[in-house]
Amino acid sequence: MWIPPTPPLCDGATFPTSILSPAGPAASSLSDATWLVIGLCCAIGIVVEGLLVWAIISGRKRANQNAPGEPVQVFGSNKVELAWTIIPTIIVIVLALVTVRVIRDVDLTEPPPGALRVQVIGHQWWWEYRYPDSGVVTANELMIPVGRPIWLEVESADVIHSWWVPRLAGKRDVIPGYPTAFWFSSDEQGTFLGQCAEYCGTMHAGMLLRVEAVSASAFDAWIGQQQATPAAPQSQLAQEGHLVFQALSCSNCHSIKGTSDGLFGPDLTHLASRKTIGSGIVQLDEATLRLWISDPQVLKPGCNMPSLNLDPKQLSALVAYLWELH
Ligand code: CUA
């Protein structure tokens, strides 16, 4: 039975994915250009519709007119033709210059000074994040320090995806065999949401993006915590779960530092420190973790994680083990 996902985890944001509500300089450049285009288009619309209404009213047949023959015939007007050639040309030139300036701001070829390098790898249907300078590997939730430029190096493991968190940056296609990079930064602390923006298969709509911008000190603390190898399982049940994890095919697909090194699925080293599971499909707690492991297809139909048909005891042990991975 398919359970529809909970409403998007917006954390109370009013416009969680609006490009007109930018939270950083790269997104602001795009938003400013968008407002300029909207403003110019509205001005053109008002002028054209105004002229149309004026022509309809001023050119109508009046009650006291007995309209003998045809109205006045006009054959061209140099003034009008010059006006409707020169004004649009100026508008197009202005838009072209603004566009070039925005592209120059947004599309750097080198990382900006002091940038934090992060690699994002698109998978069917989740996101892998690697912080090459600290060796941290995580999935689906990108943690960034507020105010510091992020240099996001983009690759795909399979098909074309697209990384798009509208409040932070423009859309960036994630193309297999064609690595690219771009920058953004956040001026605000908080959660920023997005969605894979290129159709990539069954669970394209279940490939959500989540960026958490935190203070520099909170970010450093997070990196320290993520670098650590998880402590040995504490409870008896978690110790059994550790054995279940190693004995079953979990360890072929998932990495847990010190336990396994599978690369096909998300790294689970600090799974319990995440807020969501299934690439943002549902909030992570012990109950959803249990539901996810018992049959991932219930929460995310079509995803590549199979149901392992665990018996209830194995399932409880595995959940207990994974839930200790903070
Ligand atoms: Cu990945 Cu759509």
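Guide: A residue counts as buried when its relative accessible area is under 20%, and as exposed when that value is over 50%. The model shown here is a predicted one.

Visitor: What makes Ile223 count as buried or exposed?

Guide: The relative accessibility of Ile223 is 11%, and the limit for burial is under 20%, so Ile223 counts as buried. Ile223 belongs to helix α3, which comprises residues 216-227. Leaving out residues up to four places away in sequence, Ile223 touches Tyr131, Ser134 and Val136. Tyr321, by contrast, is 98 residues from Ile223 in sequence and 22 Å from it in space, C-alpha to C-alpha.

Visitor: How do you know whether Val120 is buried or exposed?

Guide: Val120 has 0% relative accessibility, and therefore counts as buried. Val120 is placed in strand β1, residues 116-123.

Visitor: Which residues are in contact with Val120, leaving aside its neighbours within four places in sequence?

Guide: With those neighbours set aside, Val120 is in contact with Trp127, Glu128, Tyr129, Leu152, Glu153, Val154, Glu155 and Trp163.

Visitor: What joins Gln124 and Trp125?

Guide: Gln124 and Trp125 are joined by a cis peptide bond, with omega about 0°. Trp125 is located in the loop between β1 and β2, the latter being residues 126-131.

Visitor: Why are α1 and α2 called roughly antiparallel?

Guide: The axes of α1 (residues 25-58) and α2 (residues 78-106) cross at roughly 170° and come within 9 Å. Angles over 145 degrees count as roughly antiparallel, and α1 and α2 are therefore given that description. On the α1 side the contact involves Ala26, Ser29, Leu30, Ala33, Leu36, Val37, Leu40 and Ile44, while α2 contributes Ile91, Leu95, Val98, Val102, Asp105 and Val106. Sorted by class, this contact has 12 nonpolar, 1 polar and 1 charged residues.

Visitor: What, then, makes α4 roughly perpendicular to α8?

Guide: Helix α4 (residues 236-247) and helix α8 (residues 312-323) have axes that cross at roughly 100° and come within 7 Å. The range for roughly perpendicular runs from 65 to 115 degrees, which means that α4 is roughly perpendicular to α8. The residues of α4 in this contact are Leu237, Ala238, Glu240, Gly241, His242, Val244 and Phe245; those of α8 are Lys313, Gln314, Ser316, Ala317, Leu318, Ala320, Tyr321 and Leu322. By class, there are 9 nonpolar, 4 polar and 2 charged residues in the contact of α4 with α8.

Visitor: Which residues of α6 are buried?

Guide: In α6, residues 286-294, the buried residues are Thr288, Leu289, Trp292 and Ile293.

Visitor: How do you know that they are on the same side of α6?

Guide: The arc they cover around the axis is only 130°, and therefore they are on the same side of α6. An α-helix has 3.6 residues a turn, so residues three or four places apart point the same way. The buried residues of α6 pack against β13 (276-277), β14 (282-283), α7 (296-299) and α8. Thr288, at 12% relative accessibility, counts as buried because the limit is under 20%. Not counting residues up to four places away in sequence, Thr288 touches Val282, Gln283 and Leu299.

Visitor: What caps the N-terminal end of α6?

Guide: Asp285 caps that end, with a side-chain oxygen 3.1 Å from the backbone nitrogen of Ala287. A polar contact requires N or O atoms within 3.5 Å.

Visitor: How do you know whether Ser279 and Asn309 are buried or exposed?

Guide: Ser279 has a relative accessible area of 2% and is therefore buried. Asn309, at 68%, is therefore exposed. Ser279 is found in the loop between β13 and β14, and Asn309 in the loop between α7 and α8. Phi is positive in Ser279, near 60°, and also in Asn309, at about 50°; neither residue is a glycine.

Visitor: What does the side chain of Arg167 reach?

Guide: The side chain of Arg167 reaches the backbone oxygen of Ser21 at 2.6 Å. Arg167 lies in the loop between β6 (161-163) and β7 (172-174). Its relative accessible area is 11%, so Arg167 is buried.

How values were computed: Residues are numbered from 1 along each chain as its sequence is written. This is a predicted model: local features need pLDDT of at least 70, side-chain atom pairs count only at pLDDT 80 or more; totals for chains, interfaces and linings use all residues. Side-chain values use heavy atoms; hydrogens and water are left out. Axes are lines fitted to C-alpha atoms, for helices over the stretch in contact, and angles run from 0 to 180 degrees between N-to-C directions. Helices (H or I, at least four residues) and strands (E, at least two) are DSSP runs, numbered from the N terminus. Angles under 35 degrees count as roughly parallel, over 145 as roughly antiparallel, 65 to 115 as roughly perpendicular and the rest as oblique. Contact means heavy atoms within 4.5 Å. Ala, Val, Leu, Ile, Met, Phe, Trp, Tyr, Cys and Pro count as nonpolar, Asp, Glu, Lys and Arg as charged, and the others, Gly among them, as polar. Buried means under 20% relative accessible area, exposed over 50%, partly exposed in between (1.4 Å probe, protein chains only). The arc is that of the directions from the helix axis to the C-beta atoms. A polar contact is a pair of N or O atoms within 3.5 Å; within protein, one must be able to donate a hydrogen and the other to accept it, and residues adjacent in sequence count only if both atoms are side-chain atoms.
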